[in-house]
Amino acid sequence: VQLQASGGGLVQAGGYLRLSCAASGSIFSSNVMGWYRQAPGKQRELVAAITSGGLANYADSVKGRFTISRDNANNTVYVQMTSLKPEDTAVYYCDIMLRGHEYWGQGTQVTVSS
């Protein structure tokens with residue numbers, strides 16, 4: 001299983017970005033895809049996750065600003081990030097949980113300037 005993330009970049013505070021992550025390989029229909037982030041000197045934290053059935057959960061810090069979605073036909077997960085803050089600056093990683101196994105993408109940098 002491989003995941004390819006894209007969409008990071010530099011944006012001003014208050015701006016928006018959309019991250020995409022496409023999974024390939026042996027993808028079972030029942031899975032959970034998500035986004036995590038890791039800021040310098042901090043632990044990796046969950047941003048949002050979504051089941052193949054569309055149930056989503058979010059970190060409190062991004063509720064109301066970020067929206068996770070997915071395209072099951074193409075095994076792709078997205079996160080629409082709005083009202084970005086400097087504290088959202090981090091490397092964002094996508095992951096997929098398949099039957100107890102977790103796979104990670106390579107990470108994409110998001111930098112929010114004040």
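Which residues are linked in a network of salt bridges? Arg37, Glu45, Arg65 and Asp88 are. A salt bridge is a side-chain nitrogen of Lys or Arg within 4 Å of a carboxyl oxygen of Asp or Glu. The model is predicted, so local features need pLDDT of at least 70, side-chain atom pairs count only at pLDDT 80 or more, and totals for chains, interfaces and linings use all residues. Residues are numbered from 1 along each chain as its sequence is written, and side-chain values use heavy atoms, without hydrogens and water.

The count comes to four salt bridges. Arg37 meets Glu45 at 2.7 Å, N to O. Arg37 also meets Asp88, at 2.9 Å, N to O. This second pair links distant parts of the chain: Asp88 lies in the loop between β8 (76–81) and β9 (90–98), Arg37 in strand β4, 51 residues apart. Strands (E, at least two residues) are DSSP runs, numbered from the N terminus. Both Asp88 and Arg37 are buried, whereas Glu45 is partly exposed at 35% relative accessible area. Buried means under 20%, exposed over 50%, partly exposed in between (1.4 Å probe, protein chains only). Asp60 pairs with Lys63, the closest N and O atoms being 3.1 Å apart. Asp60 is exposed, at 64%.

One aromatic pair was found in the whole structure. Tyr36 and Trp104 are edge-to-face, 5.0 Å centre to centre, with 65° between the planes. Ring centres (six-membered ring for Trp) must lie within 6.5 Å; planes under 30 degrees apart are stacked, over 60 edge-to-face, the rest tilted. Tyr36 lies in β4 and Trp104 in β10, so the pair ties together parts 68 residues apart in sequence.

Technical notes: Helices (H or I, at least four residues) and strands (E, at least two) are DSSP runs, numbered from the N terminus.
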